[in-house]
Amino acid sequence: MKIRPSRITDLAFIVRLSETAFHRYGSYGNTLGANFLRPQVTTRIAEDDPGPSGFVMLQRKEEAVELVAIAVSTSQRNHRVGTELLRAAIQWARGVGAARLELHTGVDNIRGLQLFKSAGFESTETVASYYPEGQTAVRMRLTL
């Protein structure tokens with residue numbers, strides 16, 4: 001598996017995977033597809049034979065980088081794809097001089113919470129009705 005910068009040809013994969021991975025929180029395919037095209041957003045793709053297996057989307061903010069989304073294809077879960085994508089995100093954020101990496105994830109996203117905590121993220125607050133479908137989110141931060 002390799003992690004590489006995204007290409008415009010990855011847009012359809014990102015939209016499809018977003019709809020699958022985040023469906024319980026709302027319709028994120030078009031939202032993340034639009035974010036993908038924004039100049040302040042960078043996306044990294046996990047790829048193996050026969051093609052992409054996950055992505056991480058990051059947005060540069062003043063002193064921080066926001067981890068907008070991280071998703072792994074169902075067939076590739078439990079193969080360290082998420083771990084490698086998160087590692088690439090942290091490396092990229094450090095490389096652009098960010099002081100911290102921030103994210104929101106659902107309070108019920110046990111797998112995601114475990115991944116982020118294992119990388120050193122700390123919960124900073126709970127945000128009620130954060131997602132379009134009304135779910136509560138946990139805001140997390142990693143000091144770089």
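Let me begin with the basis of the model. The model is predicted, so local features need pLDDT of at least 70 and side-chain atom pairs count only at pLDDT 80 or more, while totals for chains, interfaces and linings use all residues. Residues are numbered from 1 along each chain as its sequence is written, and side-chain values use heavy atoms, with hydrogens and water left out.

I turn to the overall fold. The chain contains four helices and seven strands. Here helices (H or I, at least four residues) and strands (E, at least two) are DSSP runs, numbered from the N terminus. In sequence order, these elements give the pattern β-α-α-β-β-β-α-β-α-β-β. The chain is as compact as a globular protein of its length, because its radius of gyration is 14 Å, close to the 15 Å that the globule rule gives for 144 residues. That radius is taken over C-alpha atoms, and the rule is 2.2 Å times the number of residues to the power 0.38. The C-alpha trace spans about 40 × 35 × 30 Å along its principal axes.

How much of the chain is buried? Of its 144 residues, 47% count as buried. Buried means under 20% relative accessible area, exposed means over 50%, and partly exposed lies in between, with a 1.4 Å probe and protein chains only. The chain exposes about 7600 Å², of which carbon and sulfur atoms supply 48%; such areas come from the Shrake-Rupley method with a 1.4 Å probe, and for residues only the protein chains shown count as cover. Among contacts in the chain with a separation of 6 or more, 57% are between residues 24 or more positions apart. A contact means heavy atoms within 4.5 Å.

The next topic is charge. The chain carries 18 positive and 14 negative side chains, and the centres of the two sets lie 3 Å apart. In this count Lys and Arg are positive and Asp and Glu negative, with His and the chain ends not counted; the place of a charge is NZ of Lys, CZ of Arg, CG of Asp or CD of Glu. Side chains of opposite charge can pair when their charged atoms come close. The structure holds nine salt bridges, each defined as a side-chain nitrogen of Lys or Arg within 4 Å of a carboxyl oxygen of Asp or Glu.

One of these salt bridges joins the side chains of Arg4 and Asp10, at 2.8 Å from N to O. Both of these residues are buried.

Another salt bridge pairs Arg100 with Glu102, at 2.5 Å from N to O. Arg100 is partly exposed, at 23% relative accessibility, whereas Glu102 is buried, at 11%. Glu102 also forms a salt bridge with Arg141, where the closest N and O atoms are 3.6 Å apart. Arg141 lies in strand 7 (residues 137–143) and Glu102 in strand 5 (residues 100–106), so this pair ties together parts that are 39 residues apart in sequence. Arg141 itself is partly exposed, with a relative accessible area of 31%.

I now come to the backbone. A cis peptide bond joins Asp49 and Pro50, with omega about 10°. Pro50 is found in the loop between strand 2 (41–48) and strand 3 (51–60). Arg80, a residue other than glycine, has a positive phi near 70°, and its place is the loop between strand 4 (64–72) and helix 3 (81–95). Ser129, also not a glycine, has a positive phi near 50°. Ser129 sits in the loop between strand 6 (122–127) and strand 7, and is exposed, with a relative accessible area of 54%.

Finally, I consider two buried residues. Ser18 lies in helix 1 (residues 11–21) and is buried at 0% relative accessibility. Leaving aside neighbours within four places in sequence, Ser18 is in contact with His23, Tyr28, Gly29, Leu32 and Phe55. Gly29 belongs to helix 2 (residues 29–36) and is likewise buried, with a relative accessible area of 0%. Not counting residues up to four places away in sequence, Gly29 touches Val15, Ser18 and Glu19. The C-alpha atoms of Gly29 and Gly95, which are 66 residues apart along the chain, are separated by 28 Å.
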